[in-house]
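Subject: Structure handover

Hi,

Here is the structure for you to look through. My notes follow below it.

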Amino acid sequence: MSSDEDRPTESAPTASDDGTPPSNGDGAVPSSRGPRPRHRPESIPEGILTVEDHLESILRGVGPLAPYDQPVVEALGLPLHEDFVAPSDLPRFDNAAMDGYAVKALDIDGASEREPVSLPVVGEVHAGSGKPFAISAGTAVKIMTGAALPRGADTVVPFEQTDRGNARVAIRAALAHGTYVRRRGEDVAAGDSVIPAGTVIGPREVALLASLGAGRVTARPRPRVVVLSTGAELRTPGEHLDHDSINDGNSYMLAAAVRAAGAIAYRVGAVSDDPRTFRRVLADQLVRADLVVTSGGISEGEKDVVKETLSALGTVSFPKVAMQPGRPQGFGRVMDEQTPIITLPGNPVSAYVSFEVFVLPAIRRMMGLVPYRRPMVHAVLAADVSSPLGKRQYVRGYFEVTHKGAKVTPVGGPGSHLLGSLVESNALIIVGEDETALNLGDTVRVLVLDRPF
Ligand SMILES: Nc1nc2c(c(=O)[nH]1)N[C@H]1C(S)=C(S)[C@@H](COP(=O)(O)OP(=O)(O)OC[C@H]3O[C@@H](n4cnc5c(N)ncnc54)[C@H](O)[C@@H]3O)O[C@H]1N2
Ligand code: MOO
């Protein structure tokens, strides 16, 4: 890992992507060269932040968590913190690739179906049988796959090419020196740098690490993310609903999104609109939070509890961001712990899109994963789309690869309460701030959701 990664607040993570070249997909990698000058679309009114402005302030405000030594399987999905150098050879010793007989190739020179070579069998070794064996010229040892090759032997004859004898064996084929022997170090040599730092640990990496004796590895921890929803109308799914109450979908959705991002979610039940209660619940939760994510209570209403409570602290700002959905946003640090908090709008689609755009990159940065932002792809648009000037629109879409190439079809309407069509979508089509329409057949920028990156 670079030293920039280790000193998050001194580095300058930049956030340019959605509006710039889709090919790089993610510009939000800290750079020792400092932030790149950013383009601000002309159509965005004064006082409104760009998506990049807000994301950059979040990325500057959350840093990679300190790495620690953890069980290798627990590190699944996390980036390896240091290059992994093989501490030993793999295979560790010469061993048999087949069940059969260990011999010297010279001794079976000329053996054939018609004229087998007969050798005395002087012993038997199994994988892990613990018997060190050596053979002398003109003898054979029965050997099973994985067993250490007896000293002096250089070749394994599979059972199928013998009469499977016990006291003596008739060998019916001449094999070249080294046949069916897995050589010490032929796979990995001790001292080889086999997995570079930053590699995301998956089952294949776990196989190699464990096989080289690494039961634990150094990786950053999964961030613990406390998810809190606010609103007097909210009820836990399954609870009685009054005429004007609704199920709290957002805290469940956000907890699921946190988990899908590889972090640990602590979902707190919905908190009412009382500032004192909100403050108390928040304070109680900080002990287990690396990051807090809230939904609701941040727009212009008279009961916008998150904005009201946190504005008073002075360490959280509530900008309007030039995007739709997701215009009201908030970010800062709270209480003595100075825990980062990202406050999302309550409309469910707004909360979901805002998670994708702001929270996912923050979580990835905390885990040490790059790129922070989901890479964009190009696809051909299957229907016209219109969009308000001055906002980056994230249009729900269905992405597929057909025999003609990548295609994306807009799904449902733009309302940020429309969860039914959100479920029908698997992608977000990006309409730039300066664009008011995209047309059928245009090549457009798309975030394909749910894909690992
Ligand atoms: N006068 C203005 N009103 C609104 C503005 C504005 O600029 N001026 N912005 C609108 C936009 S855009 C959004 S987005 C919302 C954001 O409002 P809040 O973050 O304060 O969210 P709430 O008012 O608490 O809730 C909005 C909406 O979402 C429902 N909701 C909230 N939490 C949940 C949940 N956990 N599960 C399911 N649904 C939830 C809530 O019942 C409301 O219907 O403000 C607009 N208004
Ligand atoms: O910005 Mo709100 O998030 O459009 O519904």
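Which residues in α2 meet which residues in α7? Val51, His54, Leu55, Ile58 and Leu59 in α2 meet Val357, Phe358, Pro361, Ala362 and Arg365 in α7. Contact means heavy atoms within 4.5 Å.

First, the ground rules. This is a predicted model, where local features need pLDDT of at least 70 and side-chain atom pairs count only at pLDDT 80 or more, while totals for chains, interfaces and linings use all residues. Residues are numbered from 1 along each chain as its sequence is written, chains are lettered from A and ligands numbered from 1 in the order in which they are written, and side-chain values use heavy atoms, with hydrogens and water left out. Helices (H or I, at least four residues) and strands (E, at least two) are DSSP runs, numbered from the N terminus.

**Helix packing**

Back to α2 (residues 51–61) and α7. Their axes come within 10 Å and cross at roughly 30 degrees. Axes here are lines fitted to C-alpha atoms, for helices over the stretch in contact, and angles run from 0 to 180 degrees between N-to-C directions. That makes α2 roughly parallel to α7. The cut-offs: under 35 degrees is roughly parallel, over 145 roughly antiparallel, 65 to 115 roughly perpendicular, and the rest oblique. The crossing of α2 and α7 is right-handed. Right-handed means that the near helix is turned clockwise from the far one by less than a right angle; anticlockwise is left-handed. By class, this contact of α2 with α7 has eight nonpolar, one polar and one charged residues. Ala, Val, Leu, Ile, Met, Phe, Trp, Tyr, Cys and Pro count as nonpolar; Asp, Glu, Lys and Arg as charged; the others, Gly among them, as polar.

Helix α4 (residues 249–260) also packs on α7 (residues 348–367), with axes that come within 10 Å and cross at roughly 30 degrees. α4 and α7 are therefore roughly parallel. Their crossing is right-handed. From α4, Asn250, Met253, Leu254, Ala257 and Val258 meet Pro348, Ala351, Tyr352, Phe355 and Ile363 in α7. The contact of α4 with α7 has nine nonpolar residues, one polar and no charged.

Helices α5 (residues 275–285) and α6 (residues 305–313) pack at about 70 degrees, axes 9 Å apart. They are therefore roughly perpendicular. This crossing, too, is right-handed. Pro275, Phe278, Arg279 and Leu282 in α5 meet α6 residues Val305, Val306, Glu308, Thr309, Leu310 and Leu313. The classes for α5 with α6: seven nonpolar, one polar and two charged.

**Sheet**

Five strands form an open sheet in the order β7-β4-β6-β5-β8, with mixed pairing. Strands pair if DSSP finds at least two bridges between them. The edge strands, β7 (155–158) and β8 (168–171), each pair on one side only. Twist averages 40 degrees from one strand to the next. β5 (residues 117–125) and β6 (residues 140–143) pair in the parallel sense over three bridges. Valine 125 stands opposite isoleucine 143 in β6.

**Backbone**

Most residues other than glycine have a negative phi, and most peptide bonds are trans. Please check these spots:

- Leucine 90 to proline 91 is a cis peptide bond, omega near -10 degrees. Proline 91 is in the loop between β2 (84–85) and β3 (95–96).
- Valine 370 to proline 371 is cis, omega near 0 degrees. Proline 371 lies between α7 and β21 (376–381), in a loop.
- Tyrosine 180 has a positive phi of about 60 degrees although it is not a glycine.

Best wishes
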